[in-house]
Each structure stands twice: as C-alpha cells, then as structure tokens.
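Biologist: Can you walk me through this model? Keep it simple, please.

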Amino acid sequence: MIRVEIPGHLKTLAHVDGELQLEVAAPVTQRTVLDALEAKYPMLRGTIRDHVTQQRRPYLRFFACQEDLSFEPADKPLPDDVVSGKEPFLVIGAVAGG
Amino acid sequence: MSGVRVLVGTKKGAFILTSDGKREKWDVQGPLFAGWEIYHMKGSPADPKRIYASQTSAWFGQMIQRSNDGGKTWETPGGEKMPQPGEFPSGANNKFVYDTSAETGKPMTTHQWYDGTPHPWEFKRVWHVEPSLTDPDKVYAGVEDAAMFVSTDGALSWHELAGLRGHGTGMKWQPGAGGLGLHTILLDPKNPNRIYIAISSAGCFRTDDGGKTWKPINRGLKSQYIPDPNAEVGHCVHRIALHKSKPDTLFMQKHWDVMRTDDAGENWREVSGNLPTDFGFVIDVHAHEPETIYVVPIKSDGEHYPPEGKLRVYRSRTGGNEWEALTKGLPQANCYVDILRDSMAVDQLDKCGVYFGTTGGQVYCSPDGGDNWQAIVHDLPAVLSVEVQTLP
C-alpha cells in the first residue's frame, strides 16, 4: 500500500480523515500515485494537477523521505521507502502565514 | 408565511441565513466549505432547492458545489466516489478549459496585461454563477480570465461560449485591480436568447442569439483612465442590474459614474445626480418598483470605504439623478468597510427586502425597501457575495 498525505482542505473535499492508503501497480511514480488518488477520489481531479497539462499546481509541493520531489519527472520511480509503505508521499501546500 | 434564504459567500466559507417573512429572527448555517473562498452562490429560479456555489482556492483551484436540498447537503458533480474502482464520471465540475476549436470561433490566445503587453489567457476562478431561469440543470459561469461558460448537466461539465472572447475586441481587454473577471450575468426574462454580461475592465456585452455572437454595448460610457475615454471597450464596469418587468433598462455602477440605458445598452447616460461620490461597486433594483434603485457610494478608487466613515445606502425612486441617503440602523461613524460588487441583493416579498454584505463581515437587511436596517450577522469573514432566495 502506498501512503499519501494530502492538505486538510483536500481531505475535507474528499470526505476523508488522516492518511490515505492506495493500491498502486508498479511502477510507483508521482504519476501513477496521483492517477490512483484521482481514480479513488475523483473530486480531487484538478486540485493537485492541472486538468489539461497535468502539471503540479504552483502552490503545491511533493515531498517524501525528507526530499523535495516537486521538480522530479512525473514518471521517475518514487523512493523505495514510499513503494514499501514505510514512508508516505506528501502533498504539501505552500505556507501562507502572517 | 413565506420566507427568505440569504446565500453569503465569504473569504473563508459560505453561510446560509434563513428567516420567515418578517425577516427579524435569523438562523445562521455555516461555515460551509470552511476555509475556502466562496466567490458566489445562487439558487435556481426554476427549483429553489437547487443551489450552485463557486468554491475556489489559490492552492487547489476551482470547484463547483451543488445542492439539491436548499443547501443542507452538497456535492461536487462528477466528483463523487465511484462504486467500482476504475470507473470515472463523465464530467468534472471544476474543468474549465478555454475553447480552442476552429469550429466555434477564433479563440484568443492573449489579452492585454496591465502594462499593455499581450498576456496569455489563464483560467483562475469562477466569479459568478447564474442559473437558468427555466432549467435547474442549466447554469452559466463568469470566469477570470474573462470568459463565459455554460453547463447543461447540472455543473457536471462545462463548455465555453467562445463567441464572446472571439467577437473581435478580446485582445484589447485588460484586467482591473481585482483581475480580468466576468462578474455579472443578466438573463433577459422576456427574451431567452438575450444575455447581458459585464467584465472588469472591458465593459458590457450582449448576445441576442443565446450566446453564439456578442457585441460590446458601451456607447455613452466615459472613462478617463483609458487613452480614449469613449472607447468601444476598456471601461471598468463594476456591476449592472435590471428589473424583470423592464429588461431593456439597465442600471450600472461603473468604476466612477452611475449610468442607465433604456435601449438594452445601445446608449448609456449618467444618472449619478446628487450622490456624495459616484464611485462604488454594487447596484440593484427594487423587486416591485422598476425605477427604484440602490447603490452604496464608496469614497474613491484609492480609498475603498464609505465617505466620512458613514455607511449609507442611497436610494433613487426616479431611476437615478435624485438620491436619498438611507442610514437608519447603519453605522454612521468610523465605518471603513467595502461592499464588493456581488454583495447586494433584493428579495421578492411584498415589502421588498434589501441585503448587502461588507468586507468587515456584516450582512445587513432592510425588510422595508431600505428605510430601516439591521445586521443579520456582525462578524463573518469578509463577504464576497450575497444572493437571496424568496421561499414559498
């Protein structure tokens, strides 16, 4: 199982609590994880990636295993610890404090 | 006794305020969609239980929410959980894609940026939703960057009415300070093929064939902030309004100037009259008196609050030019809120109720056409829009 953490507002939108768990067939990449996420929770389509370009929305970042994966290719395999379920794949919103 | 349902969009969620016909005691529901900007909510005239809401976020983009029970529960059309893995709904409520097909016009690729240079068209958000007068599943959306979309399946899928951007002046449109937003959609109750829209800061446009073709209707507007003050487009129209019995008469609050037309926008004339300032955002028409109109004057384009710190609604019973200040129940000292363009509405009860919301989080109601006011709520997030449903 792939573990995925999404921002609070998206959890509300998807009617879920806590960390999500997804079954993702190999290869486990940003694209296949997000495909699986949107298939299970269609209301999230367009909220993380643009509908048409499939590009990450500007105010979101992708982290895992203490690394910033935001600018990694969408089809690059994710770290082994994400694939094994040891670490979550994190979708993080840009901080807007003040 | 009949009642009212006031739909309030704010910077941090939506609220629904309900009352009976007396409009004295209110029930407050919300926040709905907590934390999200709700630019606008509006109910279907054909089915008051059907309500559409524009839910938006700089982080997560645009959603359209839909209620089928008067706002008690909500759904994202096309975004429901699918019973079978791998099944996808046929649409997506938040998919607003500009039309680039050769068949449906000559789609613009750029509009003007603030500095006059070409800038690519980019979808940002839905400013306004306007349900059809007759079909609960048909709804229009005015978006930023300015374009008009329509859904005929209850907001499950959207397509652009590309003739608006493609009619010829789109490349000259320029954003106002708040963006290049299509913020007003008025459906002609007597002519189903006629629609008026307004864009900041391009001006007003009209279609007479249900949205296929459009033309600017800005003759008579004068704007000193553009190179040619009488230009065909480029005017920062803040809001327009009409009365259902006289749909050829429109009233306009422009950046500066309050205007009216009696020939469906072919010619406009100024009716600012004795207003203390003719800058403002909102304008609306009494439900039963087509020549009674309301504005809330704002000091200036640089100081978005009431002049002298006194919150005053101005009413004209003569269709403009002669205005009276309405102050009973409104703060008359140290008030520095703004009233944004979609934040005024009227109900249809015998004594027409008038409503407006402020950036300070108040929603005011006058149950008697503006003579007396009360704050329904004092401390909501900044109010972006107010609409009213009159319930049987």
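Modeller: A term to begin with: two strands pair if DSSP finds at least two bridges between them. Strands (E, at least two residues) and helices (H or I, at least four) are DSSP runs, numbered from the N terminus. The model is predicted: local features need pLDDT of at least 70, side-chain atom pairs count only at pLDDT 80 or more, and totals for chains, interfaces and linings use all residues. Residues are numbered from 1 along each chain as its sequence is written, while chains are lettered from A and ligands numbered from 1 in the order in which they are written.

Biologist: What order do the five strands of the open sheet in chain A take?

Modeller: The order is β2-β1-β5-β3-β4, and the pairing is mixed.

Biologist: Which strands stand at the edges?

Modeller: β2 (20-22) and β4 (67-68) of chain A. Each has a single partner strand, so one side of each is left without a neighbour in the sheet.

Biologist: How does β1 of chain A run with β2(A), parallel or antiparallel?

Modeller: Antiparallel, with three bridges joining them. In one of these strands, β2(A), L22(A) is the bridge partner of I2(A).

Biologist: New topic. How many residues does each chain bring to the contact?

Modeller: Chain A brings 17 residues and chain B brings 22 residues. Here, contact means C-beta atoms, placed from the backbone, within 7 Å.

Biologist: Which helix gives the most to chain A's side?

Modeller: Helix α1 (residues 8-14) of chain A, with three residues.

Biologist: And what does Y355(B) contact?

Modeller: Leaving aside neighbours within four places in sequence, its contacts include V6(B), M344(B) and V388(B).

Technical notes:
Two residues are in contact if their C-beta atoms, placed from the backbone, lie within 7 Å.
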